[in-house]
Amino acid sequence: MVPWTTASSREHPRAPAAMPNPRPRTRRDARAGAGAAGREQLLSRSLQSAEHCLGARDFGTAYAHYLLVLSLAPELKDDVKETFQYTLFRWAEELDALNRIPDLLGCYEQALELFPDDEVICNSMGEHLFRMGFRDEAAGYFRKAVKLNPDFNDAKENFHRVANWLVERWHFIMLNDTKRNRVYDAAIQKAVRAGSKSVLDIGAGTGILSMFAKRAGAHLVYACELSKTMYELAWDVVAANKMEAGIKLLHMKSLDLEIPKHIPERVSLVVTETVDAGLFGEGIVESLIHAWEHLLLQPKTKGEDDNCEQYGKVIPASAVVFGMAVECAEIRRHHRVGVKDIAGIHLPESIKFQSPTCSSGGAEEAVEPYTTEKMSQIPGGYLPLTACFEIMKVDFNNLQELKNLATKSPHTLDVPVVEEGVLDAVVVWFVLQLDEEHSLSTSPSEETCWEQAVYPVQTLADYQVKTGDRVAMEASCQDCYLRIQSVRVLRLDHEMEVVKHFTKSEDLLPLGTEAELCSALANLQTSRAHAAQQTCVLEPTEMALLNDSAYHEGFKRAMSKVLSSLTPEKLGDPQRPGSEMSAAGQSNTEESTPEPLYVLDVSEGFSILPIIAGALGQVKPYSSVEKDQHRLTLDLISEANHFPKETLEFWLRHVDDEAAVLQRPRSDRLWSIIILDVIEPSGLIQQEIMEKAAISRCLLQSGGKIFPQYVLMFGMLVESQTLVEESAVQGSERTLGLNIAPFINQFQVPVRVFLDLSSLPCKPLSQPVELLRLDLMTPYLNTPEREVKVRICRSGRVTAVPFWFHMHLDDDVALDTSQEASRWKQAAVVLARPVPVEVGQELVLRVQHHKSNVSITVKQ
């Protein structure tokens, strides 16, 4: 509990306001005067005690004193506001460290009772809630802080980050997809007009499908939505469209709905779009099984009349899943290591690198067995190696089929290769049949809001295929996911050998059983795989980094220069840390084992830079990798390159607190090189990077360096309707007259991340210009705000400013985050309103950098 802070202390009655014409003092008034004097004395003592406790760093007691002061004398709020905030935040930090969460939240509730319109306290409360995992609640406090002070950068940055969690960007893209909206609207209208008057919308989102049903004439519409943020958003949207009387919103999972507790009786129509790129990933099968068993009327059987009120149905009615094997260098570099030597370091064949989406793995190897891509916009494009083939069909109006889907054994597919190339992935999409008349396709060749599911191919001995070969795989629906497993290549020459083997056998297998032949051929190729390999699972961005030779060669050159400049120091130099001189003037340091130079790599994820550093001389490299699997892999790479086992140290084993990873290697030593991650793979500046750089500078020996030493941010002006539509809903026309845009656009984020500028549909309106410099070694060169003039080279409408970075390891070695071979994506600031421009015109951009947030505005 907070020291002696109780409800009664907060509810202390306030002193009555002074009367404008005070009466002559009576005995009772005298007592009041004495009480006022006592009150003033108590306030004075409490303020002194609070200040004394602050000096003693007893923040809990100081906070309690301030609560008492403010409850007794609210008129002092403005005088003690800043000191009270400081005390609150420090006490909250202690409570957080002690895991006293109820007390922490209670303190903030007390503080907000006293300062309900304080944006700083609201923002801090949101930060604590977000760290605890309460994202919906955190967003509410961040939004309030921004409304109270629109220029409060900390709150704006926090709200933008949490908004990406709460209202995922695909909501904007889907609501802007007019074709998708029209097809769903038409199918729902048709069903309702045919008699399906009671409707349940599963996974309602903004409530658009529910409103389609109500507008079509449904008598009863129920909509369930699990996300608290989306549920509250749907309430506002439904009310704004004057349908709150006809649509009952339920904040719960459809699996928890009960009749008559939540819905009075079974409904005649379920509408849903709980489908992801792989069709089943949002749990549509499980939710529809439950709906058929507990919420829907029985389906229509043959011979029954067409009175839709008497039976149940689902929109969408069915789906057909399709696939295609492809060659794609962009997918390959994110899911397979294609190099054997990296900056002089050999990767042994005993290590097998895989991404989490290993197509041959089971449910335990990956939560999602696929990644997603917009194949029509993937950098470098792709080459189809097979024709489009059907994977499976599913009837959402057949309960037994839905039940069988989850228990059905994987079935084998065998597809002929039609184009020579490298087998990199199986790409999957589907056609959603809403009813007999209306359908939607998520094919790469369609203009659609959906991405495609990508199953990277890994663990083959040979990925090259040619015409006449066949690609075999197993398909199933397990654990709510469509799984494409055991992808293998059936070679024509191998097939002939197997056929000869079978024909000589007395127990001749019937050649018509294609599945058995496929299995035998698969075993023939699988037997070639290496045995007893160490598997190392890397995230796609880590895999892309390992494949980036320019990155590692650049670091090798830059580190070599720094280490060479530090090595000439003489071992007997008394100025050199750790060099002890004897009375005779001789150094006690053994010349045969000079003190090494210390290199710390605190870049995030898997990194072989410490091993590269260790190969450059008398160096003691430290790695900050966290996973045991990654540490074992780095040990194996070290051994394969003939490094003593003790050469590489894992730094997190030496620090008690991961947050304090930046400290001395030893009490009497400093670092020669510290490697920091400055740019996130998403294209944004890493959070708290300047604070980390400030600590790092204090830990460097004379002549030591931080990598990168400085970063230049570049940008250009573009016109891109794609970025506009991915950032905000474009009016009510896209949503067929329903008023949704103003409500969901409250969650729009000005910065779009994970972009590929090489394939982004856009029209460049200027040449690239330098926007910002972040210097990690010489911070006085940094400015939080600057203005940049940009000359227009092409007329149009400026809708966005894409940006990327050049990370300078030194003045000669730089890494460009816009290169196709890099692991980094790019980002863009999307303008609130397009700016029309003409050739030759100059625009002035105001670029502001605050912590990890960059804002760009057009100065009018």
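This is a predicted model: local features need pLDDT of at least 70, side-chain atom pairs count only at pLDDT 80 or more; totals for chains, interfaces and linings use all residues.

Colleague: Which residue forms a salt bridge with Arg666?

Modeller: That is Glu595, with the closest N and O atoms 3.2 Å apart. The two sit in loops, Glu595 between helix H19 and strand S22 and Arg666 between strand S24 and strand S25, so the pair ties together parts 71 residues apart in sequence. Glu595 counts as buried because its relative accessibility is 18%, and the cut-off for buried is under 20%.

Colleague: Where do Arg332 and Asp424 lie?

Modeller: Arg332 is in helix H14, while Asp424 is in the loop between strand S14 and strand S15, 92 residues apart. Their side chains meet in a salt bridge at 2.9 Å, N to O. Arg332 is partly exposed, at 26% relative accessibility, whereas Asp424 is buried, at 1%.

Colleague: And are Asp469 and Arg491 buried or exposed?

Modeller: Both Asp469 and Arg491 are buried. They form a salt bridge whose closest N and O atoms are 3.1 Å apart. Asp469 is in the loop between strand S18 and strand S19, and Arg491 is in the loop between strand S20 and helix H16, 22 residues apart.

Colleague: Which residues are linked in a network of salt bridges?

Modeller: Look at Glu330, Arg333, Asp756 and Lys825, which are linked in such a network.

Colleague: How many salt bridges does the count come to?

Modeller: The count comes to 38 salt bridges.

Definitions and conventions: Residues are numbered from 1 along each chain as its sequence is written. Side-chain values use heavy atoms; hydrogens and water are left out. A salt bridge is a side-chain nitrogen of Lys or Arg within 4 Å of a carboxyl oxygen of Asp or Glu. Helices (H or I, at least four residues) and strands (E, at least two) are DSSP runs, numbered from the N terminus. Buried means under 20% relative accessible area, exposed over 50%, partly exposed in between (1.4 Å probe, protein chains only).
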